[in-house]
Amino acid sequence: MAELTYRDAVIRGIAQEMTRDPDVVFIGEDIGKAGGVFKATVGLYDQFGPVRVRDTPISEQAILGAAMGAAMTGLKPIAEIMFSDFIAVCFDYIANEFPKSRYMSNGQVKCPLVVRTGNGGGARFGAQHSQSVENWCMMIPGLKVVAPSSPRDVIGLMAAAVRDPDPVIFFEHKSLYATKGEVPDGEIVDTLGSAKIVRPGKDATILALALMVPRALAAAEKLKSEHGIDCEVIDVRSLVPLDTKTILGSLARTHRLFTVEENPRLCGWGAELVSIAADEAFYDLDGPPVRITTPHIPLPAADLLEDIALPSVERIAERVQRSLQS
Amino acid sequence: MAKLEDRAPAPKGSLNDDIGEEKRLALYRTQVVIREAEQRAYDLFLQNLVKGTSHLSLGQEAVAAGFAGAMRPGDLSFCTYRGHAHTLARGVPIVQVLGELMGRDIGLMRGKGGSMHLTSVEHGVMGSYAIIGAHLPIACGAAWRAQYKGAKDVSVCFFGDGTTNIGAFHEALNFAAVWKLPVVFVCENNLYMEYTPISDVTAVKHPAADRAASYGLPRIVIDGNDADVVYRAAIEAYDKARAGGGPSLIECMTYRYSGHSRADPAKYRPEGELERWKERDPIKLYRERLRAFGVGEDAILRIDAEVKREVDEATEQCKAAAPPALDILTTDVYADGGFAWRN
């Protein structure tokens, strides 16, 4: 057991898979010699060499297209898109190419690759370098979408993503890179499609993802100490596949549902989960489900503005308390 | 590399030149297969037996025949939505191509892909891509795998003149050149992107070749209607790729006889242009080539008749074939064979 940053967990997760399988290769902008703009790939170039860890031009379409061509023909590429906002410039591969090749070819074409990308706000980067865009990917049949919140999950879910036979979009949260957590020694392999109850509780279920997980946990502690409200917090971890069993199981015990989403309001993943709850767990609910999200705005750069845009510990706690005690 | 402007006249006499009789007859047959199958696809449209859209290669047969004819087993083709020709040229059975166009269970992808997405991995046809430019980077990736693995296969990527003005073209060319990838980019310049002449919207005369220098590549323009010229250009580019010499970009001058798609009657063409190109019809030209090399008329007619019969038989087989089973609607979305996104 060692304490590791989320950033170092990315390095260890990639290294674990590259050590295991010589067909795992890694490409992206500034990922090699420079060690990544977030320093989340430091040392991989030295460890695995310039053939397996390869710097690319600023050509997001070429990066994702090349990853796909390599995946179709036998490699297991990991491709980095530096900021998840840049997915928009290569969205053809995310939306049209990776996820449809198997279906359109009646199962002939395989696309086992991982796109890892820096997602989310909190760094004061403004509207084009701060978005939470996991919902852009969640809606596309054929993709898998994961977003770890802890160093241990980074390693385990990275392993699961690299070993998965489908294209996986792996959202790392930029504001979590410096956070620390306990990580066991040795190989860590998790499974895609499993949510994790990170805090058991009996009064309400709070669903959260990535940066919103530590905030939901802090809000739950605040609610407990200040109001005696005992919340269960679930780290959704994987949007596709989605672990509805764990979520609906929790709802059957707590009878109240809250989602904490960093994304702007419309079409967030929480909307899908609320819809599932309404459809399949309506009679378990003692009150209306509540979505706590960023407003439907582009993200501002100034710290005070960004802080009031993203769901905060205070806003989460206040909203849950208001719903449960009104 | 032969250029359009200094193309030599067909040599007379012996069949035992660098191409040889057996290869020439194969190149001819492939062109006739494409011509007959494409014409049949068009006829089946008119009978409403082919639905959706379709983009024919009538007039462009020599490009597909020449590049495929020079490939080895294991070489990979990446095609566009105008991909019937390149798929047939790799030896995919006519019945599977027509069956796919007709949405039958015997179709290449059982009707799940359609005309614009013909794919046959076992024949090295790694897909037909309907988003302009998308497959150039994908071909780079397949070539990267070959380079990484030390394999000697070449990835060959076909696209139209219109593709040269989209970003992915330029990203892929630079990427392939910088990484010295064994990939061959083949631009079929048929003079029209969709409805608009490519020259109206492009800053240079030769939309592919005149950009080659930007990526440190030689400028190559060839006669895309002469299967021998195409074949020789392909061999040279493949040899270079296999030897670690990196990518090639080859612009093939050709002409499509039909409109962009079935919805297009091609009324934008100047009068006489189609007729002028038909004087240099690739199949007519190649028949003359065969005769010049001493191939008898009976051998040529035999190939024509055999192909015609194959296409007729394939057509009847497709007409009689069952539609796809409805349960394939939700298969192969994910690698587990199904479409489940939740537990």
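## Helices α5 and α6 of chain B

In this predicted model, which takes local features only at pLDDT of at least 70, side-chain atom pairs only at pLDDT 80 or more, and totals for chains, interfaces and linings from all residues, helix α5 (residues 135-149) of chain B packs against helix α6 (residues 167-179) of chain B at an angle of about 15°, with the axes 8 Å apart. That angle makes α5(B) roughly parallel to α6(B), a term for angles under 35 degrees. Axes are lines fitted to C-alpha atoms, for helices over the stretch in contact, and angles run from 0 to 180 degrees between N-to-C directions. Helices (H or I, at least four residues) and strands (E, at least two) are DSSP runs, numbered from the N terminus. Residues are numbered from 1 along each chain as its sequence is written, chains are lettered from A in the order in which they are written, and side-chain values use heavy atoms, without hydrogens and water.

The contact (heavy atoms within 4.5 Å) involves B:L136, B:P137, B:C140, B:W144 and B:Q147 on α5(B), and on α6(B) residues including B:F169, B:L173 and B:W179. By class, this contact has 11 nonpolar residues, one polar and no charged. Ala, Val, Leu, Ile, Met, Phe, Trp, Tyr, Cys and Pro count as nonpolar, Asp, Glu, Lys and Arg as charged, and the others, Gly among them, as polar.

## Strand β5 of chain A

Six of the six residues of strand β5 (residues 114-119) of chain A are buried, so the strand is largely enclosed by the rest of the structure. Buried means under 20% relative accessible area, exposed over 50%, and partly exposed in between (1.4 Å probe, protein chains only). A:V114, A:R116 and A:G118 point one way from β5(A), and A:V115, A:T117 and A:N119 the other way.

Strand β4 (residues 76-83) of chain A pairs with β5(A) in the parallel sense over five bridges; pairing requires at least two bridges found by DSSP. A:F83 stands opposite A:G118.

## Loop residues

B:V121 sits in the loop between α4 (94-101) and β2 (125-129) of chain B, and is partly exposed at 31% relative accessibility. Beyond its neighbours within four places in sequence, B:V121 contacts A:Q108, A:V109 and B:M126.

## Backbone exceptions

Most residues other than glycine have a negative phi, and most peptide bonds are trans. B:N48 has a positive phi of about 60°, as does B:R110 at about 55°. A cis peptide bond, with omega about -5°, joins A:V240 and A:P241.

Conventions: Angles under 35 degrees count as roughly parallel, over 145 as roughly antiparallel, 65 to 115 as roughly perpendicular and the rest as oblique.
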